[in-house]
Amino acid sequence: MGPQLSTASSERAISPVVGTVLFLAVVLLLVAISGALFLGLTEEQDPAPQARLALEPIESSDDYRLVHESGDSITGSRVRIRGIEDPDTLAGTELTAGSEIRVTPTSETVRIVWEEQRQQPSSYILSTFDTTLSSSSSSASLPDGVVFTGATSGILNVSGDGGSKSVIPTPSAPQALGPASDVDGDGTIEVPYANSAGEIRLVDAAGNTETVASTIPSGSGIDTNKTRLTTGSWDGCSGVLFAGDDSRFYCSSVGNATAEIADPGDGSDAVAGVRDIDGDGDDEFVFVDGSQTLQYYDTPGGTPTVLSTTTLGSNTGVGGGSFGDFDDDGQLRVAYVDGSTNIHLVDAGSDTKIQGTDIDSGTTPTAAKSPVTAADVDGDGLDELVYVDASTGDLRYIDKLDRPPGNWELQFLTADGSRVGGDVATGTV
C-alpha cells in the first residue's frame, strides 16, 4: 500500500486550487459588472448627431437655405439656430438628409446648436456659417447677441460683450421695452417700446419708427410705468403684447385693431412672453399681475396659474424677465428679480435663487428691479443672463449657471474696455 497524504497535506494541496477558482470568479464578476456599467453608461449617452449641413444664399433674397446634405437626422426640438430671426424655427420638425428650411439671418454668424436633455446636459455646436447681410439688412437688422436698454435720446444698442454700442434714436425716451423681432412682417427687425405719450411704437436699427397702438378698447391708457412688453401670438392675435392701465392685457399689430387677450382679475403689470414654460409642448402666456406675482395662462380664456409666489421687485422698473435656457439643461426658464434684488430662475416646477460668490466682488449677484434678458453676448452659442447691476447701474451678465459658484458674474464691456451703463427703469431686453 503506497504512502498516504495526511489530512493537513490534502487541505494544503486543495487550497491553491480553490484560491485560483475564487480569483477567477471574482475577476469574471468584475468584468461582468464593468461591462454592465459600460453598457449602461453607453445607453445613457446621447451624442450629438453627425450630419453634414450647408447654408446657401437664396438668389434675389436676404434669406438663406439650410440644407441637410447627409448623415444623421436631426430632431428639431433639440436644436436652436443662433443668428436668425426665429432660433426655434426647427421645433416640431425633423431635418433629414435631403431636406431643407428657409431662414432669415440677423447676424453675420449663424450657429446650429444641439442641446442634450439628459442627467448631465451639454450643448454642441453642430455647424457654424458666415453670412453676408445686404446693405439694407445690415442697416436695419439686429444681430444675434444684441442687448437693448433705455437711453435719454432713444434705445442703447449694445452688440455683445466686447462689441460696440450705439443709440437708436426715438422721438422721446422709451418708458418700457420689448424684445426685438420682425413685428410687422416687413423683413426688418424692430424693437417695440412704450413712450411717455402712452403709445406702443416700433423702431428699427436705422431709427425708423411707426405707431402700433395709442388706445385700447376700454378707453383707458396703455401702461408705460414699471412694465415690460413682448412680441408673439396669443388668443388669435400676433403682434406686440402689453399691459393696459385697466388691469388687462392687449395685443396690437400695425394696421390692425387692438384686441384684449387676457383679464387676470388681479391686475396687469408686465408681459414676460409666450413660450412653453411647463414643458407640455404648447406655449403659455406668462405675465406679471398687479401684485408683482408671476403667473401664466395655459390656454386663452382659462384660469391663470401662479408660476412663483415670490414677489417681484418694482421700485424703478418691474423685475419681470425673459425666457432662456440659462443653465444649459434644455429647460426654458423665466429670469426675474425679486424685491431683495436677488435673481431667480423659474419654471412650472421650480424657483431657484441664484446664490454664490462672483469673481469680481465676492458677493451674490444683485440686480436692479427691472427686466433682465437672455442673449448670447459672448458668442458661444449659449444663453447668458444680462441685467442692470443694482449698485453701479452697469450692465453685467452671468455665464454658464451650471458651473460651481465662483465663476458666474462678468462685467459687460465694449471693445475699448469701457463699462456699459444700463437703464434701471426699462432694464434689458
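Reader: What pLDDT does the protein chain average?
Author: This is a predicted model, where local features need pLDDT of at least 70 and side-chain atom pairs count only at pLDDT 80 or more, while totals for chains, interfaces and linings use all residues. Residues are numbered from 1 along each chain as its sequence is written, and side-chain values use heavy atoms, leaving out hydrogens and water. pLDDT is the predictor's confidence in each residue, from 0 to 100. In the protein chain, 80% of the residues score at least 70, and the average is 82.

Reader: Over residues 1-14, how many contacts does the model have beyond near neighbours in sequence?
Author: A contact means heavy atoms within 4.5 Å. The pLDDT is below 50 over residues 1-14. Where pLDDT is low, predicted coordinates should not be read in detail. Beyond near neighbours in sequence, the number of contacts for this stretch is one.

Reader: Is the disulfide of cysteine 237 and cysteine 251 left-handed or right-handed?
Author: A disulfide is a pair of cysteine sulfur atoms within 2.5 Å, and the sulfur atoms of cysteine 237 and cysteine 251 are 2.1 Å apart. The torsion about their S-S bond is about -80 degrees, so the disulfide is left-handed.

Reader: Which residues have the most contacts inside the largest nonpolar core?
Author: A nonpolar core is a set of buried (under 20% relative accessible area, 1.4 Å probe, protein chains only) Ala, Val, Leu, Ile, Met, Phe, Trp, Tyr and Cys residues joined through side-chain atoms within 4.5 Å. The largest one has 17 residues, and those with the most contacts inside it are Leu66, Ile81 and Ile112.

Definitions and conventions:
Buried < 20%, exposed > 50% of the residue type's maximum accessible area, 1.4 Å probe, protein only.
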